[in-house]
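Hi everyone, thanks for coming. Let me put today's protein up on the screen.

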Amino acid sequence: MNKTTRLVYSSDPELNKKCLKCKEVVSECTCVPEVDPKSYKFVAVMRMEKQGRGGKTVTVIDQLPKNEIFLKTLTTLLKKKCGSGGNYLMDGKEGVIEIQGDKREIIRPLLLKEGIKSKG
Ligand SMILES: [Zn+2]
C-alpha cells in the first residue's frame with residue numbers, strides 16, 4: 001500500500017493533534033482558541049455601563065485576553081479587592097470582566113500591579 005498518498009491529509013503533525021476540549025483533531029476543532037495572556041499585548045479598556053432594569057452601574061473592563069484561567073483569576077481578585085460582585089464573559093472577540101459599581105479608582109492600580117495597562 002502506498003502510505004504517502006494515504007497520509008496526505010494527516011501528514012502535518014500539527015493537524016493530527018487533538019483538541020483538549022472537544023477531543024477533535026485540531027483541523028476539525030471549532031473551539032475558540034485560548035490566548036496566552038503573557039504573549040498577548042493588550043491595553044484593557046475600562047468603561048462604565050448601566051445594567052439591567054434597576055440601572056445599576058457596572059465597571060466593564062474590556063479588551064482582555066480571551067483566556068478563561070486568566071479572566072477567572074483576575075475577576076476573583078477584583079471582586080475581592082472591590083468587595084463587590086462581578087463576572088467575566090468570553091462571548092465576543094475579547095475577554096470582558098464586569099465588576100458591580102463604579103470601581104475604576106480601585107481597579108486601575110490593581111491592574112497596574114498585575115502588569116496590565118489600562119485606559120478609560
Ligand atoms: Zn476543540
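I'll start with the overall layout, then turn to one helix and the strands around it.

First, this is a predicted model: local features need pLDDT of at least 70, side-chain atom pairs count only at pLDDT 80 or more, and totals for chains, interfaces and linings use all residues. Residues are numbered from 1 along each chain as its sequence is written.

So what have we got? There are four helices and five strands, where helices (H or I, at least four residues) and strands (E, at least two) are DSSP runs, numbered from the N terminus. Along the sequence they go α-α-β-β-α-β-β-α-β.

Now look at helix α3, residues 68-82. Which of its residues are buried? They're Phe-70, Leu-71, Leu-74, Thr-75 and Leu-78. Buried means 20 or more other C-beta atoms within 10 Å of a residue's own, exposed means 12 or fewer, partly exposed is in between, and C-beta atoms are placed from the backbone.

As for the strands, β2 and β4 run antiparallel, joined by five bridges, with Thr-59 opposite Ile-99. β3 and β4 are antiparallel too, over four bridges, and a five-residue hairpin joins them. Two strands pair if DSSP finds at least two bridges between them.

Definitions and conventions:
The expected span of a helix is 1.5 Å times one less than its number of residues.
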